[in-house]
Structure formats: C-alpha cells, structure tokens
Amino acid sequence: MTDTLHIIGAGLAGSEAAWQAAQAGVPVVLHEMRPKVGTFAHRTGDCAEMVCSNSFRSDDDERNAVGLLHWEMRAAGGLIMQMADRHALPAGGALAVDREAFSAAVTEALRAHPLISFAPGEICELPGEGRWIIATGPLTSGALATSIRAATGAESLAFFDAIAPIVHAETINMDIAWRQSRYDKGETEEDQKAYINCPMDRGQYEAFIDALLSAEKTEFHEGETAGYFDGCLPIEVMAERGRETLRHGPMKPVGLTNPHDPATKSYAVVQLRRDNALGTLYNIVGFQTKMKYGAQTAVFRMIPGLENASFARLGGIHRNTFLNSPTLLDAQMRLRSRPNLRFAGQVTGVEGYVESAAMGLLAGRMAAAEMKGQTLPPPGFETAMGALVNHITGGAEAKSFQPMNVNFGLFPPLEAARGGRKGRKDRYKGYTDRAKEVFSAWLAAQA
Ligand SMILES: Cc1cc2nc3c(=O)[nH]c(=O)nc-3n(C[C@H](O)[C@H](O)[C@H](O)COP(=O)(O)OP(=O)(O)OC[C@H]3O[C@@H](n4cnc5c(N)ncnc54)[C@H](O)[C@@H]3O)c2cc1C
C-alpha cells in the first residue's frame, strides 16, 4: 500500500492532486463515489464537476489574488487550469468555462494517465493504513463525515450557501435586455458583450424587493446554523439587510448603457452570464437563493426581460462541511494525529473551485515528495498558494475559523507599496510581482 497514493474524491481538489502526484511518478488510485452514490448538487459521474457557477472568477494575474492563483497553477502544470483554458467561454475578464466539456476533458486526461486508476465507490471510514489524501469536499458523504468527526474529536461546522438559477437563453426577451460587459471590459467584441443585462426602473426594483422579502423560503433544519458565508449570501438575505443592498451588489447599474433607451439610466440591472459553449444557458449572476421553487419562478419572472423565462435549474441551498484545519492539520496538510492522512480542497476550509483545486495541487505534490523520501515545503506565503495554505494550517484564528477565499489580505504586507486606496493598484501589482518570483523559485527548486 505504501507505494501507492490513494485519493478520496475526484472533485476539483482530488482530480488535481491525482494529476500532480502521477506526473511526479507516483501511482495513484482515485476513489470516487459518484455516480453510484450522488450528492444533491452533483449531476454527473464526471471528475471536477462544477456544481454551481461556471466561473473560475478573475483571470487578472497582475492585480487580482484569484487571477494570481490561476497563474501559479498554470506555472505548476495544473490540469484544472489547462482544461479550463481549453474550454474557456467569453466572460469579460473572468475565466468562465463550458462546464460539461471541461469536466469531460479532466476525466479523460485522468483516465488516460498510465499511473492513475479508478476505484469507484464510497469510502465510509477514515482509512487506517497507507498514504491517503481526503478531498471529499463540502458534501462529504455522511458516513465518512461521521468517521472523520470520531477520529478528530473536533466538531465540523455546517452552514449553507445557495445555488443561482440558470435560464434558457431563447426565453430571454432581447427587446428589453441587451448584451454588454460592465464598462465594455474585454479584448474582443464577444468578451465585451459577454453578459445579458435586464434593466429595472425604481418602481420595478421596489416591487421586486417586496416580492423577495415576502417570498416563501426553505426553512433551516433544527440545529443547523444559518452562518452564511458572506461571499455567497442569498439575495433575499441581502434584501433583508437593507432595501438598497442589492442595488449596490449584484444588481448595481454602473458601467452599463441600455441601447433600447440610452438616455435613461437604469435604477438597477440584473446580469446573466453565459453558462455553456453553445450559449443556450445563462446563469443569473449573484442570485443564489433559498426561496422555494414555486416562489422563485414567480419572483424571477418579475425581472424585465425574464417575464417568459424558462429555468434550466432553479436555485437551492446546500451544506458545507469543513475541518477546523488550524488545529487539526500540520503545515504539510496532514492530520496531526494521523500523518498518513492528508486533506485537500474545500473540506480544509478554503472556499471556491480555484482555491480547492490549488490545495489539491499542493497536497498532490507534497504527498508525492514524501513517498519519494523527500519533504516539499509549502511555497512562501508571499504566493497565493502559500498564503492560503498558511492561513488554513495555522495563520487563521482557530476559534473563529471560517472558509476563506484567496485575497491579498492573507499576504505579508509589502512595505514599499503602502498608501491606502490611492496606491492600491500599484500595491496589488507589487504583491503579484513578488509572488511570481517566489513561486517560480519554489518550482525551480523541485526541478
Ligand atoms: C451547491 C454548491 C454550490 C457551490 N457553488 C460554487 C461556486 O459557484 N463557485 C465556487 O467557486 N465554488 C462553489 N462551491 C464550492 C465548491 O464545491 C467547491 O469550491 C469545489 O467544488 C470544492 O472542490 P472539492 O474538490 O473540495 O470538492 P468537490 O468538487 O465537491 O469534490 C469532492 C468529491 O468527493 C466525492 N466524495 C464525497 N464523499 C465521498 C466518499 N465518502 N467516498 C468517495 N467519494 C466521495 C464527491 O462525490 C465529489 O466528487 C459550491 C459548493 C456547493 C456544494
């Protein structure tokens, strides 16, 4: 067993971990329970399925922390980025992908790798022997979660995020809506017109907020806490926080001009982003929700342009399971009490597709090095990957530990480029320049 690395979960993290370890020459067995045992969010048996948005967020590697993470993963030969690039869709500065083609390509690459084999089925208990990476994600199966809890003695936290609805493009009324990326961002015309915009005047906005507030919502189960992750707040919760909150969030009207009525400034705008290569599906950006299905259809059809919309998928709520990593994991992402077990992905307390895949990349490389009798130190925390792993394995407050997106706040401050909001752009460029240098040196040391 010791000469084979076992990975549980072929999601974003497990797929990348398998690829990295196999590329380093280590045989890998990938254990995945789907499609035999499903989750409420996954729909296929494919690897690296994107369960909600089809976006890997900003691709700006000079001034954005997630864009920098893209850069680092590309530099490290990451499979997820390679396939995301291959199946990218126009998205005005963001990296959005055709989700089905993307997952199919990841699956095919893993299946074709001579050192990777698949062991279908659910793993119900934490393994005792051998080297393992556990990358079972926010929807870790109940049996395994119970076993993890028993072994760690620590309480896992559970809370809810929400899925944004997807609309059939042909049912959007383009006599009212129009195509435009905010501030016409993007290199090509396709990029500059990547979004469909639905305008609202003040009366329409107020009526929409009233409908959101009074819509029937899914109740939480007893004992479940509603500790929403702020980056993924349901729209009705945003509306509850203040009638203007949405107009300053996902419905902000800035950087957009309605060609049907250029002289009138929209009071609010709902944006939809392309969800597949064919351009037949669009998701409503930032509209995750826990309204009941019937209520959702009625409320979303109040949006001008969506009065006859047909929905390919309505929004929903979901559970998120993650470890208290700062207390449980060492800097090598190993369970302190059982160092033959590593954790990777969202279950470690990072949040998002990109962050999860990045933690898979790191865990795969670290495990492979260990199996060859070496120790691979994590990259310096001047890098996006290093900053994240440092945060979850010790940098974060254990008591108040919550899932974390990559952001420049996790990076050591750059003395030379301080200076408040004014110097922010230079500072971000300073961070990414420094990160690229440190990350390149980390990679070179492994060559
Ligand atoms: C409903 C929902 C919506 C989300 N929306 C977004 C979003 O829009 N953008 C974003 O960036 N992130 C989103 N996330 C977070 C997203 O899941 C993670 O960012 C990412 O998928 C995590 O990658 P992962 O590899 O850790 O987990 P996953 O991709 O979920 O992979 C875990 C894999 O482990 C398998 N598995 C679980 N238990 C077992 C077991 N016992 N035995 C064998 N296999 C097992 C699962 O089937 C799954 O394939 C969302 C999460 C959920 C649940």
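The model is predicted, with local features requiring pLDDT of at least 70 and side-chain atom pairs counted only at pLDDT 80 or more, whereas totals for chains, interfaces and linings use all residues. Residues are numbered from 1 along each chain as its sequence is written.The shell around the ligand holds 36 residues, of which Gly-9, Gly-11, Cys-52, Gly-137 and Gly-345 come nearest, a residue being counted as near if its C-beta atom, placed from the backbone, lies within 6 Å of the molecule. Two or more residues of this shell are given by each of α1 (12–23), β2 (28–32) and α11 (353–371), and α1 gives the most, with 3 residues; helices (H or I, at least four residues) and strands (E, at least two) are DSSP runs numbered from the N terminus. By residue class, the shell divides into 16 nonpolar, 16 polar and 4 charged residues, with Gly counted as polar and Asp, Glu, Lys and Arg as charged.

Leu-12 lies in helix α1 and is buried, because 31 other C-beta atoms lie within 10 Å (buried, 20 or more; exposed, 12 or fewer; partly exposed in between). Leaving aside residues up to four places away in sequence, Leu-12 touches Ala-48, Ile-80, Gly-345, Tyr-353, Ser-356, Ala-357 and Gly-360, contact requiring C-beta atoms within 7 Å. Gly-14, likewise placed in helix α1, is buried with 31 other C-beta atoms within 10 Å, and its contacts beyond four places in sequence include Ile-7, Leu-30, Ile-133, Gly-345 and Gly-360.

Technical notes. Contact = placed C-beta atoms within 7 Å.
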